[in-house]
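Please keep the sequence and the structure in view while reading.

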Amino acid sequence: MLKLNPDIQEYAHQHTTPEPELIQELIETSDRELEYIDMLSGRVVGRLLNMLVKITGARRVLEIGMFTGYSALMMAEALPEDGELQTCDLNEKYASIARSFFERSKNGHKIHVNMGEALESLEKLEGPFDMIFIDADKGNYPNYYRQALPKLKSGGVMVVDNVFLAENVLDPQDEKAEAVDELNKLIADDDRVEQVMLTERDGLMIVRKL
Ligand SMILES: C[S@@+](CC[C@H](N)C(=O)[O-])C[C@H]1O[C@@H](n2cnc3c(N)ncnc32)[C@H](O)[C@@H]1O
């Protein structure tokens, strides 16, 4: 088994297409105004999401967990002019930073922010979506998967971030780790989908609905 040198993550970052200028500014602003920004998915995941939207020709995307809008803007950039991205979050501080960048972006009109508990927003949002990105509270991951998959079109792609939960899924000792491990098993046993688990950063699950 390949043992990953930590420097290889930085190497991958450096050899991945940089974010557009406005999104680089979003990263700087998030860093300056918030205590920590490790929730932001980062360049490699952001570019992968962007590329998946382009490759699949997605027009309607659902995001669960917006934070300051990094992944939302990365995906919106790849959507066609009349494309739509529905994103969910409940934190007003994060959302106000996100909105300030959506207003300045030429792709901001594609993004619709649903404030409140994501499970409640999900109930109201009608499918089908071409692509879904799950990146909110880990304890709800199995619930998000159960509720979101029926809203994904056949052939659509779902991406789930943090499926390793800092390697805690190997020996789950708390509710969060148990929930993420439960989700990974749910997906692995689900004959409605095929999936690949990538070892990028904190683990990334790519699911395709059959
Ligand atoms: C990891 S961050 C999302 C990062 C974002 N996708 C990115 O790449 O920049 C998780 C977000 O989920 C939000 N969140 C946590 N629990 C939530 C809930 N129950 N309903 C809606 N949003 C929630 C948090 O406020 C936070 O902004």
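Which residues in H2 meet which residues in H5? Leu22, Glu25, Leu26, Thr29, Ser30 and Glu33 in H2 meet Lys93, Ile97, Phe101 and Arg104 in H5, where contact means heavy atoms within 4.5 Å. The residues of this contact divide into 4 nonpolar, 2 polar and 4 charged. Here Ala, Val, Leu, Ile, Met, Phe, Trp, Tyr, Cys and Pro count as nonpolar, Asp, Glu, Lys and Arg as charged, and the others, Gly among them, as polar.

The model is predicted: local features need pLDDT of at least 70, side-chain atom pairs count only at pLDDT 80 or more, and totals for chains, interfaces and linings use all residues. Residues are numbered from 1 along each chain as its sequence is written, and side-chain values use heavy atoms, with hydrogens and water left out.

**The helix pair**

Two packed helices are described by the angle between their axes and the distance between the axes. The axes of H2 (residues 21-33) and H5 (residues 92-104) come within 11 Å and cross at roughly 155°. Axes are lines fitted to C-alpha atoms, for helices over the stretch in contact, and angles run from 0 to 180 degrees between N-to-C directions. H2 and H5 are therefore roughly antiparallel to each other, a term for angles over 145 degrees. Their crossing is right-handed, which describes a near helix turned clockwise from the far one by less than a right angle. Helices (H or I, at least four residues) and strands (E, at least two) are DSSP runs, numbered from the N terminus.

**The sheet**

An open sheet of 7 strands has the order S3-S2-S1-S4-S5-S7-S6, with mixed pairing; two strands pair if DSSP finds at least two bridges between them. The edge strands are S3 (111-115) and S6 (193-198), each of which pairs on one side only. Neighbouring strands of this sheet are turned by 15° against each other on average, direction ignored. Two of the pairings are set out below.

H4 lies across S1, S2, S3 and S4 (129-134), running at about 170° to S1. H5 also packs on the sheet, touching S2 and S3, and its direction makes about 165° with that of S3.

**The enclosed elements**

Is Leu73 buried or exposed? Leu73 is buried, with a relative accessible area of 2%; buried means under 20% relative accessible area, exposed over 50%, and partly exposed in between (1.4 Å probe, protein chains only). Leu73 lies in H4 (residues 70-78). Not counting residues up to four places away in sequence, Leu73 touches Ile23, Leu26, Phe101, Phe102, Ser105 and Ile111. Leu73 and Val113 are 40 residues apart in sequence and 12 Å apart in space, C-alpha to C-alpha. In H4, 8 of the 9 residues are buried, so this helix is largely enclosed by the rest of the structure.

Thr87, found in S2 (residues 84-89), counts as buried at 0% relative accessibility. Not counting residues up to four places away in sequence, Thr87 touches Glu63, Met66, Ile111, His112, Val113 and Asn114. In S2, 5 of the 6 residues are buried, so this strand is largely enclosed by the rest of the structure.

Conventions. Parallel < 35°, antiparallel > 145°, perpendicular 65-115°, else oblique.
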